[in-house]
Number of protein chains: 6
Amino acid sequence: MSEPGPDVMARFVGAENLDRGRDYLEQLDPELHRYIIDFVYGEVYAGDVLDGKTRALCTVAMLASLDQQLQLGVYVQAARRQGATEEEIREVLRQVAVYAGFPSAWNALATMKAALDRFDGA
Amino acid sequence: MSEPGPDVMARFVGAENLDRGRDYLEQLDPELHRYIIDFVYGEVYAGDVLDGKTRALCTVAMLASLDQQLQLGVYVQAARRQGATEEEIREVLRQVAVYAGFPSAWNALATMKAALDRFDGA
Amino acid sequence: MSEPGPDVMARFVGAENLDRGRDYLEQLDPELHRYIIDFVYGEVYAGDVLDGKTRALCTVAMLASLDQQLQLGVYVQAARRQGATEEEIREVLRQVAVYAGFPSAWNALATMKAALDRFDGA
Amino acid sequence: MSEPGPDVMARFVGAENLDRGRDYLEQLDPELHRYIIDFVYGEVYAGDVLDGKTRALCTVAMLASLDQQLQLGVYVQAARRQGATEEEIREVLRQVAVYAGFPSAWNALATMKAALDRFDGA
Amino acid sequence: MSEPGPDVMARFVGAENLDRGRDYLEQLDPELHRYIIDFVYGEVYAGDVLDGKTRALCTVAMLASLDQQLQLGVYVQAARRQGATEEEIREVLRQVAVYAGFPSAWNALATMKAALDRFDGA
Amino acid sequence: MSEPGPDVMARFVGAENLDRGRDYLEQLDPELHRYIIDFVYGEVYAGDVLDGKTRALCTVAMLASLDQQLQLGVYVQAARRQGATEEEIREVLRQVAVYAGFPSAWNALATMKAALDRFDGA
């Protein structure tokens, strides 16, 4: 667990987006910013038990089930960064229909499309 | 998608549990039973885009986020059957704390322990 | 809206259960008890725009979607009291799988069975 | 259960909207599209145990409780198509306040108004 | 509990916003409007067991946990009106990350910032 | 933020329960245990912006809204330890009916009663 939080965050959100993402968090709330860097990325995501792709797909599954579209868009891109294909992400989101219902799956697929348009167009 | 629903279900819940599981579903509701065999396993889980381990871990992530303890117990065992280690399942459940809150992660870890006690003692 | 709350409550939970139900609410919290009699039954349920059966089935649909098993058991019985058949209640609960996911539908069908065993055995 | 999925879907979303709705689903995800036609409409909604109006009002109740505004707008219109009056839909949404809280009821009534403006203006 | 509902509502939403708020509710649904005045403000909020600041902060905590952004904006302002500082509101919202997950805390802080910009700029 | 996590935890769960609580967490998951000590208590709860009573009542409000009964029982006792009266806790839980619905308020009041029986009998 020795990898610094910002480095772990960069692997998931993209090194090119790190400064912008951290600036946004800092102006939102400096404490929340610190929690996300030190706890979320510095602790939870820093472990090496799971590979980054599995981790990102599980996050996609959770965010879609909880209808958290904003963060889902970020993690759809993170999953692609970690090597997941669009079709693998779609397959996770279809499975959301079984556990959280069709509206959540539907919303998530719309969020995925918009996020991948930005990602692949970048 | 040509693998029959019962065969797909057997891969996840265990061939030795298939008849008992289906009997339970049949007495719960014959229509729901049919939906689970034909749609959930015959369609959604039948695809080969995701390997069984990733699929089961994503299901674990979703069920824990939604606090569905009964089905979570079944899918913790399914994840082990598909090759996930206890530590990998734990890592997914720790990530639940970030997205769905600590109570959901806590509940899920308690469910996991009980499910693995039954699984490893079987 | 002139029908008194206790009378409306009696139509849904059964006149023979009214005193016991109100005693339970009174010892739980006298204010919540008053809110349920005056607001929930005296206002919301007192309207005559919807017939009692449709109202009870919509309540069953909501409680199942929200995984509120305790109150769902009460309203499964209320739906029967208002003329809904077991098969109609089952059909509503199957629909829950589409909107809230299969685990919620599954849990609700198990709650329904237990509630109807008590109701029909009474 | 012999009525084809597209015909059942047309009864709820309106025959005049069927092609547009299916085109949207197809570009969102062809698999989800197939699930909705074959499973949701071809199976769950195809049964004749419940009349269409009761079914649509229960769907309105569920979607409002789950705060799924996009699909709620579609099913408010479906309920009108199946013969529910605006006042009946309102009464279901008032009941949402009791089970899912006032914010969900409030959001749902706002969604209903916008959906009925489009429906009655069509 | 003798304080009239509109007076209680005025203490939380601001006397200068009362008429506009009530007009909005009236056009949304006259019954919901009456429930909010008579039950929510005339009963639940009318009690003097809790001071207004504690009550408003608990409401902020609940609305943020349930991801109800529209009403959260109103109650962030109500909390300020009842004497809570911005930093106290932030501290409640950071605690949301623990119980409902980081996405809910993040969304709530963004809603808070927008609500306070309007409040302090008024 | 210099107060150690275990000391902060002791203030909320009771010094006499600290070892037992930590033993339970350790056997549940050593990582989750560490997160709760270092992050939840060592960071989030360690701030002095909010007094302990307000903090505990907000936690009660959140846990009740999310229907997390296990942790709610712990925090009902924590609220009493921080000086909240039973009547103040009840008032928060009545407010839950408004935002998360009556079933959540009802469940929470039952959990509160059981938790206070254990607390006052201790």
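Biologist: In this predicted model, which residue lies over the face of F:Tyr45?

Modeller: A charge counts as sitting over a ring only if, for Arg, the CZ atom is within 6 Å of the ring centre and within 35 degrees of the ring normal. In chain F, a distance of 5.6 Å from the ring centre of F:Tyr45 is found, and in chain C the ring of C:Tyr45 has C:Arg55 over its face, at 5.6 Å from the ring centre. The residue over the face of F:Tyr45 is F:Arg55.

Biologist: How many aromatic pairs are found over all chains, and is the pair of A:Phe12 and A:Tyr45 stacked or edge-to-face?

Modeller: Searching the whole structure gives 57 aromatic pairs over all chains. For A:Phe12 and A:Tyr45, the ring centres are 5.0 Å apart and the planes stand at 75°, while planes over 60 degrees apart count as edge-to-face. The pair is therefore edge-to-face.

Biologist: How many residues apart are A:Phe12 and A:Tyr45?

Modeller: A:Phe12 belongs to helix α1 of chain A, whereas A:Tyr45 is in the loop between α3 and α4, so that the pair links distant parts of the chain. A:Phe12 is buried at 0% relative accessibility, and A:Tyr45 is buried with a relative accessible area of 1%.

Biologist: Is the pair of D:Phe102 and E:Phe39 stacked or edge-to-face?

Modeller: This pair crosses between chains, from helix α7 of chain D to helix α3 of chain E, and both D:Phe102 and E:Phe39 are buried. The ring centres are 6.3 Å apart and the planes are at 25°, where under 30 degrees counts as stacked. The pair of D:Phe102 and E:Phe39 is therefore stacked.

Technical notes:
Residues are numbered from 1 along each chain as its sequence is written. Chains are lettered from A and ligands numbered from 1 in the order in which they are written. This is a predicted model: local features need pLDDT of at least 70, side-chain atom pairs count only at pLDDT 80 or more; totals for chains, interfaces and linings use all residues. Side-chain values use heavy atoms; hydrogens and water are left out. Rings of Phe, Tyr and Trp (its six-membered ring) pair if their centres lie within 6.5 Å; planes under 30 degrees apart count as stacked, over 60 as edge-to-face and the rest as tilted. Helices (H or I, at least four residues) and strands (E, at least two) are DSSP runs, numbered from the N terminus. Buried means under 20% relative accessible area, exposed over 50%, partly exposed in between (1.4 Å probe, protein chains only).
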